Amino acid sequence: MASSRGAKFSSEIFYKTLSCGRYSEHGYSRGFYTAEIRRSADDSQCALKVFLRKFSVEVPASEQMSLIKQLRERTSAPIKDVKSSLIHCNWDIEAAQKDLRKRGVVLASKKSSRTAAEGLLALAQKENKVAVIELNCETDFVARNEIFQYLALSLAKLALGTEGSFQSQQVPNHFPVGPEHLEKFKLSFDHPKLHGETTVQSAIADVAAMMGENVRLRRGFTISAPSHSLISTYLHTSPQPGLGRIAGIVSLEVGDGNASLDVLHRVGPELAMHVVAAKPLFLTRELVPSEAMESEREVLKSQAESTGKSQMAIDKIIEGRLRKFYEEVVLLEQKFVVNDTISVQTLLNNLSKEVGSPVSIGSFLRMEVGEGIQR
């Protein structure tokens, strides 16, 4: 209303000024100016009324709060941004939702360079296939958000369905499914705040906009096993089934295709938990790279020689410490965390006797959120 009164007042002054006699000296009559200014003033008033009607619709305060609440529930965007978009879109909730998404995409691209070392691992499994992905964010607060967790689980399910396309030549039975493999695939959502079909890349950008943080799919793997085998998993710090901060995956294989796998269902999860707790790097000592062994041997030799003992004693010290090194990094030589009186290899030997057929570990994987990211 203040704008309307100001415009009317200005028009009246403008009209009176141009209607005065001094404009006659240029050869124009007062009547000419009077008619022109009246028409100009009428046009201005008309345009002003259209502008006000378009951008200054009066919405009761109670209805404003209701619209803010509805849009907030739909998008999970910050209240400040929700209100700003509603005002910008003249309290049209559908238009405001589109506006928020446009703003969010821009905001997400600006935040994409920020470090995202928090997040969750999501795991999906069917038959003898397992997929695990790492979805990162900037804070554990966002990692606890239900929308973020829903996206992580959706990505794991998608990775599980596409794992056969991306076989790794370097690690048997492992299939990398990182962002370069998944971003162009489509996800179908059935969630109050995420619905419809969209690409993985767009879905991540939308969630990043909702959360107000950098969200990114960092990496993923799938593991497959032969038909007569068992893949066991364990998730540490799990907020809900299928999610956690550390994942352990172990594939147990049985020589006899007719042997019962019941006992493996009991021991498999314990071995997966062992992988999480003991942090093995290699399955057997033969898989330890020769460069790593030589480097470790040189370090141990230097330490042993500093004791001033005889060469025979030094050799024994080196061998003893190398055994300790293997026990730390080789899965089969580690002490079993559930029963540290036996090694993992001894556990497998005992299982073989119980099953009546050789039992072995085909492969294993340990993943932890944020590992290797410089914070």
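Among contacts in the protein between residues at least 6 apart in sequence, what percentage join residues at least 24 apart? In this predicted model, the value is 63%. The protein has 375 residues, and 42% of them count as buried. Its secondary structure comprises 13 helices and 12 strands.

Helix 10 covers residues 262-278, and helix 13 covers residues 344-355. Their axes come within 11 Å. The crossing angle is roughly 170 degrees. Angles over 145 degrees count as roughly antiparallel, and helix 10 and helix 13 are therefore roughly antiparallel to each other. Helix 10 contributes V263, L264, R266, V267, L271 and H274 to the contact. These residues meet V344, L347, L348, L351, E354 and V355 of helix 13. By residue class, the contact of helix 10 with helix 13 divides into 9 nonpolar, 1 polar and 2 charged residues.

Helix 12 was examined for its length and its two sides. This helix runs over residues 311-329 and holds 19 residues. At 1.5 Å a residue, helix 12 should span 27 Å. Six positions of the helix are considered next. I314, I318, L322, F325, Y326 and V329 are buried in helix 12. These residues cover an arc of only 115 degrees around the axis, and therefore lie on the same side of helix 12. M312 and K316, on the other side of helix 12, are exposed. The cover over the buried residues of helix 12 includes helix 11, residues 290-305.

Two single positions complete the description. T162 lies in helix 7, which spans residues 146-162. Is T162 buried or exposed? The relative accessibility of T162 is 10%, so T162 counts as buried, the cut-off being under 20%. Leaving aside neighbours within four places in sequence, T162 is in contact with L182 and F185.

E63 is placed in helix 3, residues 61-75. Its relative accessible area is 41%, so E63 is partly exposed; this class lies between the 20% limit for buried and the 50% limit for exposed. E63 and W91 are 28 residues apart along the chain. Their C-alpha atoms are separated by 9.5 Å.

Key
Residues numbered from 1 in each chain as written. Predicted model: local features only at pLDDT ≥ 70, side-chain atom pairs only at ≥ 80, totals over all residues. Heavy atoms only, no water. Axes fitted to C-alpha atoms, helices over the stretch in contact; angles between N-to-C directions. Helix = DSSP H or I, 4+ residues; strand = E, 2+ residues; numbered from the N terminus. Parallel < 35°, antiparallel > 145°, perpendicular 65-115°, else oblique. Contact = heavy atoms within 4.5 Å. Nonpolar A, V, L, I, M, F, W, Y, C, P; charged D, E, K, R; others polar. Expected span 1.5 Å × (residues − 1). Buried < 20%, exposed > 50% of the residue type's maximum accessible area, 1.4 Å probe, protein only. Arc of directions from axis to C-beta.
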